[in-house]
Amino acid sequence: MTAAIQTKNLSAWYGNKQALKNVSMDLEENRITAIIGPSGCGKSTYIRCLNRMNDLIDGFRTQGEILIFNKDVRSIDPVELRKSVGMVFQKPNPFPKSIFENIAFGPRIHGLNNNGLDAIVEESLKKAALWDEVSERLNDNAMELSGGQQQRLCIARALAVKPKIILFDEPCSALDPISTSKIEDLMLELKKEYTQVIVTHNMQQAARVSDNTGFFLYGELIEYGGTRQIFKKPREKSTEDYIIGRFG
Amino acid sequence: MDRLRTQRIRESVIEKALLLCALASILTTIGIVLVLIFETFSFFEEVPILEFLTGTTWAPMYQPQHFGVLPLINGTLMIAVGAAVIAIPLGIASAVYLSEYSSPKVRQTVKPVLEILAGIPTVVYGYFAISFITPLIRVFVPDANIFNAASASIVVGIMILPMISSLSEDAMRSVPRALREGAYALGSTRFEVSTKIVLPAALSGILASFVLAISRAVGETMAVTLAAGATPKMTLNFFESIQTMTAYIVQVSLGDTPLGSIEYKTIFAVGMVLFAMTLLMNIISMWIKERYREVYS
């Protein structure tokens, strides 16, 4: 199995505060990798390094290497990088525009003219399992959708720029159980084409969707392995304590 | 028991006193509007309202007298449009810069400085126009009158600029960070995020700031009285001397027009037009804010 993402001795700081300590991790292509750990353990920081989202924050810096398909992310223009590494956020954040315009936004800024848009909007909404619910009202404002639909819209929006990797930053923490299970089914469906990384607070979710799981604590990667192994037979005491709910 | 009663009386006295203070400004406003309406009515007893609203000559001080207010409205609109043409692009550009591009340090310095611009007395702007802007215009347009609409427009544009940039910047900064991140995550550049996400999302606040600023330009008095001249005329030439409604009111109020004469009453009729225009614009601004308010979450 090839690694889509590799980090080598990755450390990160917000000003003087260190958020990641020497994280080395290989994430497999076309697999779902879950990143778990208590609040403040650095898991969000970690995935936001992968598409250089944290570059937007003043005083943020990193040390070590991040390779996306064997290319150092610092050698790639962030705009180009984010085209191939999409992201879905904790709270659904559709743009205050129509459903169509939300999906078309990415392809448009990357220079697609109006001809190809209809097809790409339909394809993306179908992939995100939202087409049947919205195909009749593509011109309605996206804000009118329910929270779960909005989140699938955000996934469709990310898919529309044809990324290879999708990062999910706690995508279900603002959703109800039914919407959550729809997103999880969707992730499993998307495995065929995309490498996915999910940060989650919800351990059942990690166990349900992911192939591999990494456990973070105080900015360090404590344990990383197959999801089954991590949940059934964790090697580290702190992983076990966290999984059975002794803290976090 | 007794103590409780005094306490209750004291509370009610305080409440009444506070109410009185709040009423004072409302009553003053009502009083002003009433005087305006009353005097305007008595003006229209002597001058037909149709002549006033459609006449194209304004000459109440000369014989034969003419009471067509259109030249004054024309002058006022020239200043408002001219100022808007200058202040809107600059205001938007500085709002985008402050909200999306500048570092916090730069913003914390530039924004207060811009707001100081708003605190300069307007008479200072007036002689700035006469002593600096007008000579500069006459370098490029030698035929321009000493008093001209262009100079006044520019200076009023500078005056309303902080209003537009400051209110627009507030509107843009209240656009949630999550929307920006969503756009960046799709591979947008900073310029695309600013123009395609933040500006449209903040549009209602930005438009409202335009209307408020233009309404300020319409009501602006001192600078245009000094810089634009006192020649009411129907023109679109910015290098001629014109007169605005406000400047006319100043001219009559300063002169020795006898109280109660028809010349004197003109200022109330003109004031009424001015009041109606700014009121309408403030209503439009509120309506825009309500109607186009983007719901982000």
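The following dialogue explains how several features of this predicted model may be read.

Colleague: Let us begin with the cysteines. How many disulfides does the structure hold over all chains?

Modeller: A disulfide is a covalent bond between the sulfur atoms of two cysteines. In this structure there are 0 disulfides over all chains.

Colleague: Is A:Cys41 buried or exposed, and is B:Cys21 buried or exposed?

Modeller: A:Cys41 has a relative accessibility of 1% and counts as buried. B:Cys21, by contrast, is exposed, with a relative accessible area of 57%.

Colleague: Which residue of strand 5 of chain A stands opposite A:Leu67?

Modeller: The residue opposite A:Leu67 is A:Asp72. Strand 5 (residues 71–72) of chain A pairs with strand 4 of chain A in the antiparallel sense, over 2 bridges. These two strands form a hairpin with 2 residues between them.

Colleague: What is the backbone like in that turn?

Modeller: A:Phe69, in the turn, has a positive phi of about 45°. A:Asn70 is also found in the loop between strand 4 and strand 5 of chain A, and its phi is near 70°, a positive value in a residue other than glycine. A:Asn70 is exposed, with a relative accessible area of 60%.

Colleague: Where does A:Asn22 lie?

Modeller: A:Asn22 lies in strand 2 (residues 17–28) of chain A. Its phi is near 45°, again positive in a residue other than glycine. With a relative accessible area of 52%, A:Asn22 is exposed.

Colleague: What is the strand order of the open sheet of 6 strands in chain A?

Modeller: The order is 6-7-8-3-9-10, and the pairing is mixed. Strand 6 (85–88) and strand 10 (220–226) of chain A stand at the edges; each has a single partner strand, so one side of each is left without a neighbour in the sheet. From one strand to the next, the twist averages 15°.

Colleague: How many bridges join strand 9 of chain A to strand 10 of chain A?

Modeller: There are 6 bridges between strand 9 (residues 212–217) and strand 10 of chain A, and the two run antiparallel. One example is A:Phe216, whose bridge partner in strand 10 is A:Leu221.

Colleague: Let us turn to chain B. Which residues form a nonpolar patch on the surface?

Modeller: The patch is formed by B:Leu19, B:Leu23, B:Ile26, B:Leu27, B:Ile30, B:Leu34, B:Ile37 and B:Phe41, with about 750 Å² of accessible area together. B:Ile37 is found in helix 1 (residues 2–46) of chain B, and is partly exposed, with a relative accessible area of 32%.

Colleague: Finally, which residues does a cis peptide bond join in chain B?

Modeller: The bond joins B:Gln63 and B:Pro64, with omega about -10°. B:Pro64 lies in the loop between strand 1 (58–59) and strand 2 (66–67) of chain B.

Methods:
Residues are numbered from 1 along each chain as its sequence is written. Chains are lettered from A and ligands numbered from 1 in the order in which they are written. This is a predicted model: local features need pLDDT of at least 70, side-chain atom pairs count only at pLDDT 80 or more; totals for chains, interfaces and linings use all residues. Side-chain values use heavy atoms; hydrogens and water are left out. A disulfide is a pair of cysteine sulfur atoms within 2.5 Å. Buried means under 20% relative accessible area, exposed over 50%, partly exposed in between (1.4 Å probe, protein chains only). Two strands pair if DSSP finds at least two bridges between them. Helices (H or I, at least four residues) and strands (E, at least two) are DSSP runs, numbered from the N terminus. Patches are made of residues with over 30% relative accessible area and no salt bridge: like charges are joined within 9 Å, nonpolar side chains (Val, Leu, Ile, Met, Phe, Trp, Tyr) within 5 Å. Accessible areas come from the Shrake-Rupley method with a 1.4 Å probe; for residues, only the protein chains shown count as cover. A salt bridge is a side-chain nitrogen of Lys or Arg within 4 Å of a carboxyl oxygen of Asp or Glu. Axes are lines fitted to C-alpha atoms, for helices over the stretch in contact, and angles run from 0 to 180 degrees between N-to-C directions.
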